[in-house]
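Hi,

Here is the structure I promised to pass on.

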Amino acid sequence: MKVIVRNSELSNAVARVAKAINNKNLGSALEGIKFSAKGDFLTLSATDNELAIEKTIPCETFMEGDALIPGKLINELVKNISDDEDVEIFVSENRAKIGYGSSVTDFQCLDVEEFPIIKKDYKENSFDIVQKDLKELISKTSFAC
């Protein structure tokens, strides 16, 4: 996999999906963020087997593929890169190289085959609600949590 993406898009996406990373099972695929490059889009996914979050961002794809990058590492890395910087992500033989400006970071990826399949059957047990109404419901009931 080889892509180039704007760091403002990447850091936003990583921060969002990182909320679903399982920090209790260290060494497992659940502590990683799955990067999937297809066409002109990069999809980031994370799950703890109860909560799953996906975010798709535009990118320049040179080589399609999947990689499972340790979530904590990539989250800390993109926080420290300028938003207007382009970030190159190159994954080969289970190693990720993240390049930006004149810097390159190289680290071991997790086994992407171990990442669980995220079911996307949104029609079953679903409903529509206005965002304002949902926020109001949550604010009225969150004290009970």
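A bit of housekeeping first. This is a predicted model, so local features need pLDDT of at least 70 and side-chain atom pairs count only at pLDDT 80 or more, while totals for chains, interfaces and linings use all residues. Residues are numbered from 1 along each chain as its sequence is written, and side-chain values use heavy atoms, with hydrogens and water left out.

Let's start with the hairpin. Strand β3 (residues 41-47) runs antiparallel to strand β4 (residues 52-58), and seven bridges join them. Strands and helices here are DSSP runs numbered from the N terminus (E, at least two residues, for strands; H or I, at least four, for helices), and two strands pair if DSSP finds at least two bridges between them. Thr 47 has Ala 52 in β4 as its bridge partner. Four residues sit between the two strands, and in this hairpin Asn 49 has a positive phi near 75°.

Next, the salt bridges. Side chains of opposite charge can pair when their charged atoms come close. The structure has five salt bridges, counted when a side-chain nitrogen of Lys or Arg is within 4 Å of a carboxyl oxygen of Asp or Glu.

- Asp 86 and Arg 6 meet at 2.9 Å, N to O. This pair links distant parts of the chain, with Asp 86 in strand β7 (residues 86-92) and Arg 6 in strand β1 (residues 2-6), 80 residues apart. Asp 86 is partly exposed at 42% relative accessibility, and Arg 6 is partly exposed at 39%. (Buried means under 20% relative accessible area, exposed over 50%, and partly exposed in between, with a 1.4 Å probe and protein chains only.)
- Asp 106 and Arg 95 meet at 3.4 Å, N to O. Asp 106 comes out as partly exposed at 39%, and Arg 95 as partly exposed at 33%.
- Lys 140 and Glu 136 have their closest N and O atoms 3.0 Å apart. The two are about one helical turn from each other because they lie four residues apart in helix α3 (residues 131-141). Lys 140 is exposed at 53%, whereas Glu 136 is partly exposed at 38%.

Now the surface. Phe 127, Ile 129, Leu 134, Leu 137 and Ile 138 make a nonpolar patch of about 490 Å². Patches are built from residues with over 30% relative accessible area and no salt bridge, joining like charges within 9 Å and nonpolar side chains (Val, Leu, Ile, Met, Phe, Trp, Tyr) within 5 Å; the areas come from the Shrake-Rupley method with a 1.4 Å probe, and for residues only the protein chains shown count as cover. Phe 127 sits in the loop between β9 and α3 and is exposed, at 64%.

There is also a negative patch, formed by Asp 66, Asp 111, Glu 113 and Glu 114. For charges, Lys and Arg count as positive and Asp and Glu as negative, with His and the chain ends not counted; the place of a charge is NZ of Lys, CZ of Arg, CG of Asp or CD of Glu. Glu 114 lies in the loop between β9 and α3 and is exposed, at 52%.

Cheers
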